[in-house]
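Q: I have a model open and want to go through a few spots in it. Can we start with the loops?

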Amino acid sequence: MTSSRRCPVAAMRLRLAPGGPAALKVLAAAGAAAAPVRLEWSCPSELSPPWVPALELESGTVLFSPNAICQFFFLSRGEEPTDLSNQWLEWEVTELEPAASAALYARLVQGRKGLEAVEVLGKLLAHIEQNLARRGTGYLAGDTKSVADVVVWGTLFPVLQDETSLPSELPALKTWFQSMTLSEACRKAADSVLIPRALQEFTSYLQKQPPPCLPVQRTTSNEPEEEEGSERALTEEEITAAASAWARGAAALPKPWQPQKPVLPVEGMRNILITSALPYVNNVPHLGNIIGCVLSADTFARYCRLRNWNTLYVCGTDEYGTATETKALEEGMTPQEICNKYHAIHADIYRWFDISFDYFGRTTTPHQTRIAQDIFKRLLARGFLLEDTVEQLCCESCQRFLADRFVEGTCPFCSYREARGDQCDKCGKLINAVELKSPQCKLCRSVPVVKATRHLFLDLPKLEEQLEPWLEQSLATGDWTPNARYITRSWIRDGLKPRCITRDLKWGTPVPLDGFQDKVFYVWFDAPIGYLSITANYTQHWERWWKNPQQVELYNFMAKDNVPFHSVVFPCSLLGAEDNYTLVNHLIATEYLNYEDGKFSKSRGVGVFGDMAKDTGIPADIWRFYLLYLRPEGQDSAFSWSDLMLKNNSELLNNLGNFINRAGMFVCKFFGGTVPSMVLTLDDKRLLARVTLELRQYHQLLEKVRIRDALRCVLSISRHGNQYIQVNEPWKRIKGDEKDRQRAGTVTGVAVNMAALLAVMVQPYMPSVSSAIQGQLHIPPDCFVLSHDFTCTLPPGHHVGTVSPLFQKLENDQVEALRRRFGGGQAKQNSPASGSPPAPATQVTPGDPQLIQLLTEEVAKQGNHVRQLKANKAEKAQVDAEVAKLLELKKQLALAEGKSPEIPVPKGKSKK
């Protein structure tokens, strides 16, 4: 990502000590970014700590972190960090650098050579290899060199020296490492830093230091941790506390809160107001839309209710604007008829997905007109609106000014040929329609002309004085996702500009100002006000939620493309209105969910849309689970039929469902349906403490709205439960003597109480499954509340009901049929008739190490071939054909490894 804004870089003083690895990556980054620095070589003792570089900026500020210095150099030439490059940098500093330090110590101090010296780097090198091979790109974060490449290379080079030190089974890594080493900036840095005399001095320094202490090495993965050996040791205090909490039983649980209807803020309680971005009424939401907004918000709302937080969750369809007029013209209906039709479709879809709105409304209401016009009038009275004449596209054939979505053309930034008149769907940049290249009227396909028209603007620069202090406080005290923080700060950094709030349309909220009666409010001024008007349709006391920032916490859920309107534009409207409005405290934005190797497309029949999911025969809770399991929290993720089958059959059927079913069946089969008495041993108490740790981690993650990661805690508890049953074998002990039968009873009693806890923990994710467990185990309603302790809620003597399986296996034939059904144009594109034949199909057997090795090599080889074709500017058809083969190979590799075809990326610190 590039930016025209550059940081001041004149007169920067860079102090380095030769010999140290930190100096290598910093000098290489300065060269790669062509940063104008005044280089000063210093003795190690002059730097504090020794060998740590120092960059003194013109302002006098001094940077000491090597990675921060490297990032600053790249930023200074206009290269903004991407999420992916940031993840690589975090991974380098938390995992790679400590291991590389140990390897360098082994090489320089202990005299180990070659593969012996780099042994400690094994899994980390394999991680880089896997990402390079699967991505099929020449560099870590894309097709061009980034700060991540320089930093990772600079950490590895002192240990490896050249690619011959790398094992032969890492071809993609060897190619990347050689390319980096031969680049001018890296070569010059190595020649300047790693000189023999300086290395001897650095070695002498290392000899006086203790050997680096390497943490337990974990691979970076989206999969849950399964290795018992990786868990931290429990303390005696934790074990004692867990046993004490267990003994207090259900009486220790708080009583479930039942709010009155309508839900209103309550003095002294935590009042949570949740919104999810209002879906456009003119289309059917696909799986990516559902996980990005309503499902994520629903999961968090359900969690809040289980915590006894007074919670209101509202949403509705966004019904005004160009998109609705366009859809009405396409279907030969009036805008109101289109709104009525698609509002009902949306409501049915969300009802099927079990979304627990307190109210699902719409924006075409009198409340919307009243509240939007009131905010407008308050802004006008306070001088926060501007009037200006703007040039706008006008279709002479249709005799109308063309609002943004009535225009299509080529994006002026990325040259995407189907950019809209307001925003490019490919690069995400906002566009004024007159900036489009080769514009066309969407209605008649004629070429529009530019004419002048008057519009009103929100004076964002004037409001910046109010926005910035509020924003700094909200960012400091709230839980904003990293992408939301980054996008918001980018908008502020690039400078705010007046934003047009009116449009030449008929379908919208009328502008209540003389001379503008023929115009309506622009959707991004009008739509967020829908949160307020929808609440007003829910309760006449809506202002107790929306004009009560002292008592209410506001959570906004959305996809990342909606962030600036919720973090800058809408807050400015409310701040300028000066009416004590509740502003967002926590802005939760997801990345994008893709479909297999492409994008969802209703017109091409690619992907699963909300109205289709229920026709697959797969229950709604399975869809909920899988979408939340791969929720795109840190980077884009991809829906995969193979991975859906894998997760259903392994995590749900064999792990969670298997444990809960066994626990309940043992009560029925061995103890007549009555929970037996329990005599806890030390091992049982350790299990209670382990479950308590997972429960508290679950809370910590969900309180930070890390929904996907918290789901891993649920699965981890059931995994502990399966292991507990397997080790203790109650089905055998029940046939033994009195001691063995007592042990079987204890294990069964503890297990069925773990199942009861899981019923509550899983409720935000799979509410129907949770209800089924509650019914089978006869869990009392008063126990359906979350605390931070694992207590015995099903005591000895408690009667359970009939226990039956919770999940059904997904068969390969069933999934393949669904894949073909929803492949649409994407499937045709990859068919032999398209001219882009995939690689020959291989019968994939998950877990076959020889096949994994073979496919890894083939992916790397094909990736290099594709890069070579692109470098040689080969014909597009030839490149497309080879890319199709590469994608097919990647799919086969993912299946062989039993993983999703989505591309894994470094996630920083691994899950605990």
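Q: Where is Ser 415 placed?
A: This is a predicted model. Ser 415 sits in the loop between β10 (407-410) and β11 (419-420).

Q: What is the phi of Ser 415?
A: It is positive, about 70°, although Ser 415 is not a glycine. Most residues other than glycine have a negative phi.

Q: Which residue follows α1 with a positive phi?
A: Ala 34, with phi near 55°. Ala 34 is placed in the loop between α1 and β2.

Q: And Ala 34, buried or exposed?
A: Ala 34 is exposed, at 62% relative accessible area.

Q: What about the peptide bond from Lys 261 to Pro 262?
A: That bond is cis, with omega near -5°. Most peptide bonds are trans. As for its place, Pro 262 lies in the loop between α10 (236-248) and β5 (271-276).

Q: Back to α1. How many residues does it have, and what does it span?
A: Helix α1 covers residues 21-32, which is 12 residues. From first C-alpha to last it reaches 17 Å, close to the 16 Å expected at 1.5 Å a residue.

Q: Why call α1 largely enclosed by the rest of the structure?
A: Because 10 of its 12 residues are buried. Buried here means under 20% relative accessible area.

Q: Which ones are buried in α1?
A: Ala 22, Ala 23, Leu 24, Lys 25, Val 26, Leu 27, Ala 28, Ala 29, Ala 30 and Ala 32. Note that Lys 25 is on that list.

Q: What covers the buried residues of α1?
A: The cover includes strands β1 (12-16) and β2 (37-41). It also includes helices α2 (66-76), α3 (83-108), α6 (147-160) and α8 (184-193).

Q: What sheet do β1 and β2 belong to, and in what order do its strands run?
A: An open sheet of 4 strands, in the order β2-β1-β3-β4, with mixed pairing. The edge strands are β2 and β4 (62-63), each pairing on one side only.

Q: How do β3 and β4 pair?
A: They are antiparallel, over 2 bridges, with β3 made up of residues 54-56. Leu 55 stands opposite Leu 63 in β4.

Q: Changing topic: cavities. How many of 30 Å³ or more are there in the whole structure?
A: The search finds 5.

Q: What lines the largest cavity?
A: It has 14 lining residues, and those nearest its centre are Leu 253, Leu 757, Cys 783, Val 785 and Thr 793. By class the lining has 9 nonpolar, 4 polar and 1 charged residues.

Q: What does Val 750 touch?
A: Leaving out residues up to four places away in sequence, Val 750 touches Trp 246, Met 678, Leu 680, Leu 687, Leu 688 and Tyr 724.

Q: And how far is Val 750 from Asp 684?
A: The two are 66 residues apart in sequence and 8.0 Å apart in space, C-alpha to C-alpha.

Q: Last, the whole chain. How many helices and strands, and what share of residues is buried?
A: The chain has 33 helices and 20 strands. Buried residues make up 56% of its 912 residues.

Q: What share of the contacts join residues at least 24 apart?
A: 79%, counted among contacts in the chain between residues at least 6 apart in sequence.

Technical notes. Residues are numbered from 1 along each chain as its sequence is written. This is a predicted model: local features need pLDDT of at least 70, side-chain atom pairs count only at pLDDT 80 or more; totals for chains, interfaces and linings use all residues. Side-chain values use heavy atoms; hydrogens and water are left out. On a 1 Å grid over the protein atoms alone, a cavity is a set of points where a 1.4 Å probe fits but cannot get out, and a pocket is an open set with protein on both sides within 12 Å along at least five of seven lines; lining residues have an atom within 4 Å of a point. Grid points are joined across faces, edges and corners, and a volume is the space filled by probe spheres set on the points. Ala, Val, Leu, Ile, Met, Phe, Trp, Tyr, Cys and Pro count as nonpolar, Asp, Glu, Lys and Arg as charged, and the others, Gly among them, as polar. The expected span of a helix is 1.5 Å times one less than its number of residues. Buried means under 20% relative accessible area, exposed over 50%, partly exposed in between (1.4 Å probe, protein chains only). Contact means heavy atoms within 4.5 Å. Two strands pair if DSSP finds at least two bridges between them.
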